[in-house]
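Let me put the thing on screen, and then I'll talk through a few spots.

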Amino acid sequence: MSGALQIENVEGGYEPGLPILRGASVSVAKGEIVALLGPNGAGKSTLVKAAAGLVPVWSGSVRLAGRDITRVPAHRMVHEGLGFVPQTENVFANLSVLENLQLASALIARSRRRELAEMFALFPDLDRQRKLAAGRLSGGQRQMLAVARALVASPSVLMLDEPSAGLSPKLVGVVFERLKAVRATGVTILLVEQNVKAALAIADRAVVLVEGRERLEGPAAELADDKRLAALYLGAAAEAH
Ligand SMILES: Nc1ncnc2c1ncn2[C@@H]1O[C@H](COP(=O)(O)OP(=O)(O)OP(=O)(O)O)[C@@H](O)[C@H]1O
Ligand SMILES: [Mg+2]
């Protein structure tokens, strides 16, 4: 299995002495969609932020196609080929769809830029609304714009933090269907999700994180029927009370 993204034994957190990630390991093979699941506060967002260079990694490593990118500063990650779509504030609300994409594009070396025409072909909704302010898009369209902004830099791996948050079930389906189309263009995907059912429906594999460490891992189709999955969520809920 060729590792597109390998996060190994990562310990880290926001404040020294207060570990959030406690030896977390997640690997994503080239061309896979892997869902990163787990109860609230498990450290899912922290893990992808750590991989993206936004949260300090104290020990362990992050490798992209075999290259060590641990502690590469966040603004350099796009040049390494790692894309990250944060959960919120992932577009400029006052700028138009086109301006959002042009701005993302302007920051990328020409040699690794994907053409905006390609983005508009991948996301026809955005094509139709090029001139609309991003803040006026529907939630699903705004997520697609955030994804398109990240794709402009030709990432080999794209990490997304809860792209389905706040969307109706129908829109979740639309957004996830576009993520499959993104994967079909050769992008490997690590998808953080609260929406377990929908995530398992599009993922090849899933990893369940609890208290900063992976607790369960396997093919998505098998985990969908695995009682241990629900138990891990229920266990965390019981501890919170
Ligand atoms: N900026 C921050 N500063 C300090 N602690 C934080 C910060 N962000 C998150 N935490 C803490 O880190 C832990 C893990 O949070 P994280 O957001 O990574 O969880 P999550 O799995 O993404 O949860 P959710 O499903 O609610 O998004 C929590 O205890 C949270 O309080
Ligand atoms: Mg989160």
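Before anything else, some handedness bookkeeping: a crossing is left-handed if the near helix is turned anticlockwise from the far one by less than a right angle, and right-handed if clockwise. Helices (H or I, at least four residues) and strands (E, at least two) are DSSP runs, numbered from the N terminus.

This is a predicted model, where local features need pLDDT of at least 70, side-chain atom pairs count only at pLDDT 80 or more, and totals for chains, interfaces and linings use all residues. Residues are numbered from 1 along each chain as its sequence is written, while chains are lettered from A and ligands numbered from 1 in the order in which they are written.

So, the helix pair. Helix 3 (residues 97–106) and helix 6 (residues 139–151) have axes that come within 8 Å and cross at roughly 25 degrees. Those axes are lines fitted to C-alpha atoms, for helices over the stretch in contact, with angles running from 0 to 180 degrees between N-to-C directions. Angles under 35 degrees count as roughly parallel, over 145 as roughly antiparallel, 65 to 115 as roughly perpendicular and the rest as oblique. Helix 3 and helix 6 are therefore roughly parallel, and their crossing is right-handed.

Who touches whom? On the helix 3 side we have Val97, Asn100, Leu101 and Ala104, meeting Leu145, Ala148 and Arg149 of helix 6; contact means C-beta atoms, placed from the backbone, within 7 Å. That contact divides into 5 nonpolar, 1 polar and 1 charged. Here Ala, Val, Leu, Ile, Met, Phe, Trp, Tyr, Cys and Pro count as nonpolar, Asp, Glu, Lys and Arg as charged, and the others, Gly among them, as polar.

Now helix 1 (residues 44–51): 7 of its 8 residues are buried, so helix 1 is largely enclosed by the rest of the structure. Buried is 20 or more other C-beta atoms within 10 Å of a residue's own, exposed is 12 or fewer, and partly exposed is in between, again with C-beta atoms placed from the backbone. Thr46 sits in this helix and counts as buried, with 22 C-beta neighbours inside 10 Å. Skipping neighbours within four places in sequence, Thr46 contacts Ile20, Leu21 and Val55. After helix 1 comes Gly53, with a positive phi near 85 degrees.

Last stop, ligand 1. Its surroundings include Tyr14, Lys44, Thr46 and Gln194, where near means a C-beta atom, placed from the backbone, within 6 Å. The shell splits into 3 nonpolar, 7 polar and 1 charged.

Methods:
Two residues are in contact if their C-beta atoms, placed from the backbone, lie within 7 Å.
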